[in-house]
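Welcome! Here is a short tour for anyone meeting this structure for the first time.

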Amino acid sequence: MPDAHPVFDKPVIVVVALIYLGVVTAIGFWSARRTHTVQDFFIAGQGVGLVVTAFATMSAAFSGFVFIGGPGLTYRMGLASLFISIPVSFTAGLLCWVVAKRLRLLAEVRDVMTVPDAILVRYRSRAASGLAAIAVVVGTIGYLGAQLLAMGVMIESIFGTRAWLGEGSLPLAMGAGLTLILLYAVGGGMVAGVYTDLFQGALMVLAAGAVFAYAVVAGGGTAAIAESIMTSDAFGPAFLDPLGNVPLLTAIGFFFVFAVGNLGQPHMLHKFYMLDDPRKLKWMPLVVGTTQAMCVLIWLGIGLAVPALVAQGQIPPLVNPDAASPTFLLGFVPALLAGLVFAGILAAIMSTADSFVNIAAAALVHDLPRALGRRVANELRWSRIAVVVVALCSAAFALAYGDLIALLGTFAFGTFGAALAPAIAIGLNWQRVTAAAATASIATGMGVNLSLEFLAKQTFLTWLPKATFLAPGVLPTAVSLAASFAVLILISWLAPRPDQPIDDDVVAVMEM
Amino acid sequence: MVNVQERYAVTRPMTAKRVSLILLGVSSLVALATFVGLLSPVLFALVAGLFPVALIGLGASRKGRLGPMVWVVLALAVILEGTILGLLLLRGTVLTGPAWLGLPRVAALQLLGLFVLPLVVTGFGYAWTFQSWTLRDEDLERLRARAKVGRPAEKVPDEGDD
């Protein structure tokens, strides 16, 4: 992060950020008055239209990683990093064709509110549903922790609190962000989440487009940017070769994980239940895809402009690549726009965090008890308590792992994708998939991902081997994703045809 | 008047779902083999482009057929596979190749083939085929009527269900 203190140097940034926080808080209070049932809390009463659902889906998907981590990653590894973000051009269509229609139609015939609900209805298996709920909680702790940590870093950056508070700054900044999230998540549940997402999403799209334009101009145009980077000793031609700066398995692994893994992201799948009419899915891929593509422009713009500006000598080389976005925003963008972008980044982090506390609460209060054959008496009250518990656990977890924002985020994305994508994406489209195959796939995805990440990162158990059987550059999340698909398909092919029929209404949904 | 599903039911073989599943199964195994060094990483690059297309083929098929969606799936397959193949072939040509849009052609290819074109094809392809193939009004009404009449009691499966 840069040493500048916008609270003194550029007060407009702070004013804009504070106005934003005020608007979000107001939406939370307004929404709390409209949340009366558990359906309101989890799926906004299934009464949300196309635009709000689309923006909520986009906002939930895009976190601080896109705006802070993305340009930082590009600074470090060049255009190979774009393999993470550019699949958004078709993942909305992928989601709609493969899962969105069927999840939404399931909600027409059954009382489903969550991903484990859909798995329970499809497979009639408490084991599969319970494992899915555990995967949701595990992934959420990591993902939410990463969001809270990123939010703390952002608040530090905007208010310059580290200069006053030293090491205590980050926990306090995270605490401030956590309080704000809880204000509207506890009170308003998903009603608050989706309407906040609409406001936040619009802000993110506008800000990303404007910043992209400023980035291209600051670098002297695309040709000058490319020329500066190619002729620079620090970056060189390989920077602009999508397959040139990292192993092929890493670059394409990003593409594979972030394209296919989307099908298992509960914070996105959850949103499709909210749509008031399934026919409104018609324009969903175009609206979600276009808005996501607009937001990716900030990654692309800053990711290319900052290395070019370094190469041109306009800014010194970055010690920490994650400082790319703040450095550019504080130095090359008008203060009002910088304030909007900082607010937009906070918006992205908060909307993702809000989605996660919500689905984790659903997993703890609704899905896991149901998998155990029980029901919680007052789901709404316990959901609000669960939101607080999950948020606090995630913050503690993130603080304990302090500097691993990107690691936590990638790990969580991989956990969701590997554990849930095959059981949902294949299972809702192929009647031959059995409960045993789904359970094995979920267990494989979660187990392989956790094991490989643990072996790769742990340093305290020196006698444990590293995963040396993997080729150089392989992403653990790609291995777990491919393994869970292979397990589900092979078991379904090789096992005898299922003797337990799927319920007629679920078959009707699967055949539509 | 023959609706679009009946027309394609007569003229197309029942293979789309099976082909998609075979592609997904084989692609998963090829990916795993490349991850442990048994196969070339280039093969993983090619199956990574096929994987989302096969998933769309699986999700969009009805009674095993793709109907008008076949054009969308084919277009996306050509774009993704063609782009990945192009990126593989153009590796290391940043300095020698001519510039497109001010960028080296390999960088422009990445943005055009994996970012711009798939957005157009999937976004408009989905909307174009939605009412005739993906979700017809009469199918939705039938499902809703069925839900009103024959909705099974919500229950938590007993232990025997597992």
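## Where the two chains meet

Across the interface of chain A and chain B, the rule finds 12 residue pairs in polar contact, both residues being at pLDDT 80 or more; a polar contact is a pair of N or O atoms within 3.5 Å, where within protein one must be able to donate a hydrogen and the other to accept it, and residues adjacent in sequence count only if both atoms are side-chain atoms. Helix α7 (residues 88-109) of chain A gives the largest share of the side of chain A that touches chain B, with 13 residues. Helices (H or I, at least four residues) are DSSP runs, numbered from the N terminus.

The rule also finds 4 salt bridges across this interface, each a side-chain nitrogen of Lys or Arg within 4 Å of a carboxyl oxygen of Asp or Glu. Asp277(A) forms a salt bridge with Arg144(B), and their closest N and O atoms are 3.9 Å apart. In total, 80 residues of chain A are in contact (heavy atoms within 4.5 Å) with 80 residues of chain B. About 7,300 Å² is buried between the two chains, 72% of it from carbon and sulfur atoms; this is the accessible area (1.4 Å probe) that two parts lose on being put together, summed over both.

## How to read the model

This is a predicted model, in which local features need pLDDT of at least 70 and side-chain atom pairs count only at pLDDT 80 or more, while totals for chains, interfaces and linings use all residues. Residues are numbered from 1 along each chain as its sequence is written, chains are lettered from A and ligands numbered from 1 in the order in which they are written, and side-chain values use heavy atoms, leaving out hydrogens and water.

## Two buried residues

Asn449(A) sits in helix α20 (residues 435-457) of chain A. Is Asn449(A) buried or exposed? Asn449(A) is buried, because its relative accessible area is 0% (buried means under 20%, exposed over 50%, partly exposed in between, with a 1.4 Å probe and protein chains only). Its side chain makes a polar contact of 2.9 Å with that of Thr415(A). Leaving aside neighbours within four places in sequence, Asn449(A) is in contact with residues including Phe411(A), Pro476(A) and Ser480(A).

Ala173(A), in helix α11 (residues 169-218) of chain A, counts as buried at 4% relative accessibility. With neighbours within four places in sequence left aside, Ala173(A) is in contact with Gly152(A), Ile155(A) and Glu156(A).

## A partly exposed tryptophan

Trp283(A) lies in the loop between α14 (266-272) and α15 (284-311) of chain A. Trp283(A) counts as partly exposed because its relative accessibility is 38%.
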